[in-house]
Amino acid sequence: MSKPVIISGIQPTGNLHIGNYLGAVKKWVELQNSGKYDLYIFVADLHALTGNQTADNRRHQILVAAAELIAAGIDPKKTTLFIQSHIPEHAELAWIFNTVTPVAELYRMTQFKDKSVNQDKNINTGLLTYPVLQAADVLLYKATQVPVGLDQVQHLELTRDIARWFNNRYGEFFPEVKPLLTNVPKVMSLLEPTKKMSKSLGQGQVIEMADDPDTILKKLKKAITATEGGAKAPGAQNLLLLLEHFGGSNYQDFAKAEKAGTIQYGDLKQALAEAIADTFAAFRVRRQKLLDNETDELAAILKTGGAKARRAAEKTIAEVRTLVGLR
Ligand code: TRP
């Protein structure tokens, strides 16, 4: 029996931060290490083309994303790790899916509506058809489960619809996909703790996995903990949650002090900075090695992963071409 295929991807639009880690990457590593799945993880560089990054920055961040995934525990021996654009079949299948997807369904997508407002300089067609490419990413490998955050659930429902529209027209072929919603902590921004931590908010708002211990402490020192209108301070709750998840041994003491109203936020920030810096100590070293490695270990890993993904992708596309009458 072959193992169920699980796939997920991440856009190379900035260094990974601790919200990406707790919300996604850490879960992927757990799925990988369970040995129960055939796991595919990729850098969604074609998706990143819909944003406003420069070409040089994009080129750099694609490699950074791959290096960070490996440094965080994605083991290329266990997981098929690859760069989306290395597999041209993603774009080909996305085109075919465009032709079975009603455009009105794409205008309904929340992420498209949000981006049309927030990225008003460049509302390109790729932003609209973004979820069609995402459906191709998933179905190209006949994945049945996709670990994603809540914000991606609508896209996965569309993936399921696209598979159905295709199957209805051309015959039963693509499987049904389910989002794999794991119980992940919601990490908030440091300076605007009512918003989710996100690279789009800006540097001071996120702690990157690659930040050195001094930078982590500096950022935390500026983090908002103040209470507003007597409500429990969301910033303080966020820092406590992070201490819990980054294994601060003194978490219980701080949690008690917080309830008793005797908590010293300076001490909490210090303890948290140490816990985060320790968690990623080995990560920082491995990441740097991969990025300045002269033997091109990273390129070799991506070549092997790409070749493996390509074999699976070619097989699907060959069958799809026959089904739709392109040969
Ligand atoms: N849209 C996803 C995000 O922004 C990234 C992504 C692209 C993805 N293709 C995917 C995730 C396929 C899961 C499966 O987080």
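Predicted model: local features only at pLDDT ≥ 70, side-chain atom pairs only at ≥ 80, totals over all residues.
Q: Which residues come nearest to the ligand?

A: There are 13 residues around the ligand, and H47, Y130, Q134, D137 and Q152 come nearest. By class, the shell has 6 nonpolar, 6 polar and 1 charged residues. In this scheme Ala, Val, Leu, Ile, Met, Phe, Trp, Tyr, Cys and Pro are nonpolar, Asp, Glu, Lys and Arg are charged, and the others, Gly among them, are polar.

Q: How far is a nitrogen atom of the ligand from an N or O atom in the side chain of D137?

A: Look for polar contacts: pairs of N or O atoms within 3.5 Å; within protein, one must be able to donate a hydrogen and the other to accept it, and residues adjacent in sequence count only if both atoms are side-chain atoms. For D137 the distance is 2.7 Å. A polar side-chain atom of Y130 also lies 2.7 Å from a ligand nitrogen, and for Q134 the value is 3.0 Å.

Q: How much of the area that the ligand exposes alone does the protein bury?

A: Accessible areas come from the Shrake-Rupley method with a 1.4 Å probe. Taken alone, the ligand exposes 370 Å², and the protein buries 88% of that. The elements giving two or more residues to the shell are β1 (5-10) and α7 (125-139).

Q: What does Q11 touch?

A: Contact means heavy atoms within 4.5 Å. Not counting residues up to four places away in sequence, Q11 touches A44, H47, A48, K115, Y130 and K199. Q11 sits in the loop between β1 and α1 (18-34). Its side chain makes a polar contact of 2.7 Å with that of Y130, and one of its polar side-chain atoms lies 3.5 Å from the backbone nitrogen of A48.

Q: Where does N52 lie, and which residues is N52 in contact with?

A: N52 is in the loop between α2 and α3 (55-71). Leaving aside neighbours within four places in sequence, N52 is in contact with Q119 and N122. The side chains of N52 and N122 are joined by a polar contact of 2.9 Å. By contrast, the C-alpha atoms of N52 and F82, 30 residues apart along the chain, are separated by 23 Å.

Methods:
Residues numbered from 1 in each chain as written. Heavy atoms only, no water. Near = heavy atom within 4 Å. Helix = DSSP H or I, 4+ residues; strand = E, 2+ residues; numbered from the N terminus.
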